[in-house]
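Q: Could you take me through this structure, starting with burial and going on to the cores and the pocket?

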Amino acid sequence: MLILETCSDLPPVSVAQRHHIAEGPTERQEHQALVASVPAFERVELAEPPTPAPPPARSARVAFWNAERCKYPAPSAELLRGRAADVTLLCEMDLGMVRSGQSHTTRQLAADIGQGCVFAVEYLELGLGDIRERSWHAGAENSHGMHGAAIVSPCRLHRPALIRLETSGDWFDGGRGERRVGGRIALAATVSVGGTDVTFVSIHFESHSDPEHRTEQMRTVLAAIDEYALDAPVIMGGDFNTNSVAHDELDGPLGKVALLTTDSERFIDPVHHELLFGVAAAAGYDWADSNTRQATQRTRPDGTPRPPLGRLDWFFTRGLTVADPLTVPAIDKDGMAISDHDLLQVKISVNSATPHA
């Protein structure tokens, strides 16, 4: 599903409405009706840069980061400022959640580094978050309860588009530890690079899934990108949750250690275990030159996630030349993790054979 409607501020869902939803039925058909009734699921919020920069004349530096709620605004801004990316793709960004200071974390981050942004809602959160966050913030109330994806840039972001990957309602009944309305998304926008329109896409695949489901989500996003801009050069950056097995098989660190006995590289190099890579290759996408062979998971101050860590985050490109891939530690000046994912960075330029816009 491709959604192109933009707004300056997403329509809110009141605390009373969220309480009503949380106290109501939990059947999947109820979830589908709720998704259709929440206007924020049908919009992309757009904020222009305060002083728009010209599009990159030859090459562009691109970053992707799963910012894990963006709970640490100052060091997060410092991390992005240090990368000086022309386009930064983000996921796990909060709007009005207690765990991240009730902030619109995308707007705050973009303002702190003097850039514009787009933001779209993945989930309407009916609670305070995961088991740790519920404990830390017990008794508090979210002001907006929204969680989603973003793109920030000093350049104007053209034709922002929300790609809703699914609305199955797997998180709706609370069986996965949190109650949520919505589903996984991708977020696209266009920026000219060297005079050619390039499609930039931030992606977040389901964490409680298996290789087959992730492959299905890859097929969905690739079809939506072609609907958005057929034959355009593309860079996708995302948390693809490429664990190499189903989520249920990651039975704590002992389970992960046991899995390594059959393939010692499976978490760093899951390509042979994840069918989504073959689907992307068949559609003309490459990942080999735009990624490093390093884990992108990072252990937080509370000790989670525990090693062995894997590479869950990737760039995929089509019609682009890439160089200088980096995996950048997501830490503050004291070395403390500010997310459970590190940041990715790569330089792109448009292939000479790619048609110009």
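A: Of the 357 residues in the chain, 57% count as buried, where buried means under 20% relative accessible area, exposed over 50% and partly exposed in between, with a 1.4 Å probe and protein chains only. This is a predicted model, in which local features need pLDDT of at least 70 and side-chain atom pairs count only at pLDDT 80 or more, while totals for chains, interfaces and linings use all residues. Residues are numbered from 1 along each chain as its sequence is written, and side-chain values use heavy atoms, with hydrogens and water left out.

Q: How many helices and strands are there in the chain?
A: The chain has eight helices and 15 strands; these are DSSP runs numbered from the N terminus, helices being H or I with at least four residues and strands E with at least two.

Q: Which residues touch the most other members of the largest nonpolar core?
A: In soluble globular proteins, nonpolar side chains tend to be buried together. A nonpolar core is a set of buried Ala, Val, Leu, Ile, Met, Phe, Trp, Tyr and Cys residues joined through side-chain atoms within 4.5 Å. Here the largest has 38 residues, of which W65, L79, L80, M93 and V181 touch the most other members. Among the elements that give two or more residues to this core are α2 (28-37), β4 (59-69) and β6 (116-125), and β6 gives the most, with four residues. Apart from this core lies another, of 30 residues, including V87, L89, V198 and F315.

Q: Is V198 buried or exposed?
A: V198, found in strand β11 (residues 196-204), counts as buried because its relative accessibility is 0%. Leaving aside neighbours within four places in sequence, V198 is in contact (heavy atoms within 4.5 Å) with A189, T190, V191, V193, P233, L320, I348 and V350. The C-alpha atoms of V198 and L320 are separated by 9.0 Å, although the two residues are 122 apart along the chain.

Q: Which residues are the closest to the centre of the largest pocket?
A: Rolling a probe the size of a water molecule over the atoms shows where empty space is left. On a 1 Å grid over the protein atoms alone, a pocket is an open set of points where a 1.4 Å probe fits, with protein on both sides within 12 Å along at least five of seven lines, and lining residues have an atom within 4 Å of a point. Of the 34 residues that line the largest pocket, H208, H247, R300, P305 and D340 are the closest to its centre.
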